[in-house]
Amino acid sequence: MQFDRNALEALESRYRAALINSVSGYKPANLIGTANAAGATNLAVMSSVVHLGSHPPLLAMVVRPGGDERHTLANLLASGEYSINHINQSIYRQAHQTAARYPADQSEFDATGLSCQWLDGFSAPLVAEAEVKMAMQLRQHMPLEINGTHLVIGEIVTLLLPDAALRSDGSLNLPAADSVALSGLDEYLCGESLARLSYAKPGQPLQELASDE
Ligand SMILES: Cc1cc2nc3c(=O)[nH]c(=O)nc-3n(C[C@H](O)[C@H](O)[C@H](O)COP(=O)(O)O)c2cc1C
């Protein structure tokens, strides 16, 4: 199968969306927690979180256009704070349900049965049932001219994770944390490690590292 630009343009729109949403590969599965100025909470599944840099520790995400109907975007722009919570095998169905278009006064926490976890001095809720979770401070917001989406860049100010998922070199064992991945807009997958490999250098054979190293 091969699609050129004209063939992609001619596709039925939902078919094209399903295809193009899958071709970037396995994506992280996260829940974004926010609250408005009155303290009303909001939770939304997002697959677009991406690593931007480690020092300072920055993560970016892409939020679709939609003005005030985009509660996550409105809340995080107003408060400057949000949380990123890994979806795990115990909560992926509830996480998926947060994509439904609930009115602003209906919290997705209440609608799905997920619980808020509050950190002192931080206005956005984290997800109590998530194993890996981060309190984020908004650092930069860029509306993207090309398609009206919003690039949101935040700094990790608090990172919470299970001890058993933290390897001695600082990397995270995602299967041990039970974190799942996303394909497209509807498929949840479990991760399985193939190998951890040594730092690549020209002309030097790769070594396999112990998976818990
Ligand atoms: C699997 C999946 C991944 C999604 N990823 C994103 C995303 O990366 N960015 C985005 O803006 N919306 C994404 N959405 C859509 C939002 O979850 C959905 O629009 C939600 O209603 C937004 O909630 P809000 O209006 O409370 O912010 C995704 C939906 C699903 C089902």
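User: What makes Asp169 count as exposed?

Analyst: Start with the cut-offs. A residue is buried if 20 or more other C-beta atoms lie within 10 Å of its own, exposed if 12 or fewer, and partly exposed in between, with C-beta atoms placed from the backbone. Asp169 has 9 C-beta neighbours inside 10 Å, so Asp169 counts as exposed. The model is predicted: local features need pLDDT of at least 70 and side-chain atom pairs count only at pLDDT 80 or more, while totals for chains, interfaces and linings use all residues. Residues are numbered from 1 along each chain as its sequence is written.

User: Where is Asp169 found?

Analyst: Asp169 is in the loop between E10 and E11. In space, Asp169 lies 9.1 Å from Asp212, C-alpha to C-alpha, although 43 residues separate the two in sequence.

User: What makes a run of residues a helix or a strand, and how many of each are there?

Analyst: Both are DSSP runs numbered from the N terminus: helices are H or I with at least four residues, strands are E with at least two. The protein has 5 helices and 14 strands.

User: How do you know which strands pair, and what is the order in the sheet of 7 strands?

Analyst: Two strands pair if DSSP finds at least two bridges between them. The open sheet of 7 strands runs E3-E2-E6-E9-E10-E5-E4, with antiparallel pairing. E9 (residues 133–143) and E10 (residues 150–160) pair over 10 bridges, in the antiparallel sense.

User: What joins E2 to E3?

Analyst: E2 and E3 run antiparallel and are joined by 6 bridges. Asn30 has Met46 in E3 as its bridge partner. The hairpin of E2 and E3 has 5 residues between the strands, and there Gly39 takes a positive phi near 90°.

User: Is E3 mostly covered or mostly open, and how many of its residues are buried?

Analyst: E3 is mostly covered, with 5 of its 6 residues buried.

User: Which strands does H3 lie across, and at what angle does H3 run to E2?

Analyst: Helix H3 (residues 71–79) lies across E2 (30–35), E3, E5 (58–63), E6 (81–86), E9 and E10, at about 55° to E2. Such angles run from 0 to 180 degrees between N-to-C directions, and the axes are lines fitted to C-alpha atoms, for helices over the stretch in contact. Contact here is a distance rule: the C-beta atoms of two residues, placed from the backbone, lie within 7 Å.

User: Which residues of H3 are buried, and what covers them?

Analyst: His71, Thr72, Leu73, Asn75 and Leu76 are buried in H3. Their cover includes E2, E3, E5, E6, E9 and E10. After H3 comes Gly80, with a positive phi near 75°.

User: How do you know that the radius of gyration agrees with a compact globule?

Analyst: The radius is taken over C-alpha atoms, and the globule rule is 2.2 Å times the number of residues to the power 0.38. For 213 residues a compact globule would be near 17 Å, and the protein has 19 Å, which agrees. Its C-alpha trace spans about 55 × 50 × 30 Å along the principal axes.
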